[in-house]
Amino acid sequence: MSNGEPWTVCFPFIGDFIGGSHLSALGLIRNLPKPFFAPLVVLHDAEGPVAELFRREAIDFEPAPVLNRLERAGARNGAAALNVARTLPALVRYLRARNVAIVHTNDGRTHLMWGLAARLAGSKHLWHHRGDATSFGLRRIAPWLPNRLVAVSKFASPRPGFFSAAAKCSVVHSPFDVMKAIEVEREDSRRNIIATVGCSPETRLVGYVGTLVDRKRPILFVEVLAALQRLEPNVEFAGLFLGNALNGLDDAARSRAQALGVGDRIHFMGFRYPSEPWIAGLDALLVTAVNEPLGRTLVEAMLLGTPVIAADSGGNPEVVRDGETGMLVRPDDPAEFARACLRLFGDSSYLAHIVETARNEARARFSIERHVHAITAVYEDLLRTGGTTAPRALSDAQRSL
């Protein structure tokens, strides 16, 4: 704390696309101990989908001091450097005027732009890494730019080496609203989905939750449904895509489904918020993604009592214990995913064991309180080692204020 005032922590976002980073940051922003840390949320797109989400959740934000922003494709060419150069002076002035102590960036397009501004303004920079360990930014920029790095899983953490950010990295799992999950009624959720898609009450509901992008393997999800139909023709099931598509992958998934004879089994539901009632209504969540740092929907399903079948890849094994809190299968193997579904559908005692074990473990490991405790400890360390007078170490009670 400075002169009795809370330290200002700036959370900048582009704002043109909603992802897991926004939902995770929302939980942190809302639950920071306000006597010690004051969140300053900044959006480059103050009328976009992230602004709509934050308004709905009563999270205050300000428009960025510049309209210029990095497009998703821009980071791959010289436009990125030009955008940063044009934007930097205004961001530096903004951080100094608002007396920002820490800039907490949450995605690749803000790490560089706001990280450089933080360095020039004299603010501390916390880089929250949610990608995999092979990303260019983590390997080439994170070793020298941020003061500290937080990764959402061991898989997402930088590998040790001569030029590496590993020494300044901590693993902090994303936060989840445990109490919100308790309030969701699974039977009501299931009835709502059945009414929405127009299928029979006996239908098994199998879900893909997340943006349709190559890494998440939406085409594999379609192939799993085809394998399920082939292995057990008498099982009534419906596959639900819950998420928006990029690069025409919804059309590609439709074409593949038609070719495999399961076009009538698939429903494209688009992005649904809040997602909890939709996940809770599923009979199984399929996580077909590979190299996923730490999928939010996987943990949300565990909290909601929906069994998870996930590719044995990326950060998934850090969350799922095979046969105990979910099922891990070989990546890119539709038949193995389908066989896992059939085992869940046919063995009620096995299903009950997985659901109960997963729920208890997720509540213990992924609560918002635990996340806030870990992040504020990083904040304190940043301020303590930066030549400023850091707040005294917060007790657990103070962090929960």
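This report describes a sheet and a pocket in a predicted model.

## The sheet

Seven strands form an open sheet with parallel pairing, and their order across the sheet is β3-β2-β1-β4-β5-β6-β7. At the edges of this arrangement lie β3, covering residues 62-63, and β7, covering residues 169-171, each of which pairs on one side only.

Helix α4, made up of residues 108-121, packs on the sheet and touches β1, β2, β4 (100-105) and β5 (124-129). The direction of α4 makes an angle of about 165° with that of β5.

## The pairing of β1 and β2

Within the sheet, strand β1, which spans residues 7-13, pairs with strand β2, which spans residues 37-43, in the parallel sense and over seven bridges. Pro12 takes part in this pairing, and its bridge partner in β2 is Val42.

## The second largest pocket

The second largest pocket of the model has a volume of about 420 Å³. Its lining is made up of 23 residues, and those that lie nearest the centre of the pocket are Phe176, Asp177, Lys180, Glu276 and Ile368. By residue type, the lining of this pocket divides into eleven nonpolar, eight charged and four polar residues.

The largest share comes from α1, which provides five residues of the lining.

Conventions. Residues numbered from 1 in each chain as written. Predicted model: local features only at pLDDT ≥ 70, side-chain atom pairs only at ≥ 80, totals over all residues. Heavy atoms only, no water. 1 Å grid on protein atoms, 1.4 Å probe; cavity = no way out; pocket = protein on both sides within 12 Å on 5 of 7 lines; lining within 4 Å. Points joined across faces, edges and corners; volume = space filled by probe spheres on them. Helix = DSSP H or I, 4+ residues; strand = E, 2+ residues; numbered from the N terminus. Nonpolar A, V, L, I, M, F, W, Y, C, P; charged D, E, K, R; others polar. Pairing = 2+ DSSP bridges. Contact = heavy atoms within 4.5 Å. Axes fitted to C-alpha atoms, helices over the stretch in contact; angles between N-to-C directions.
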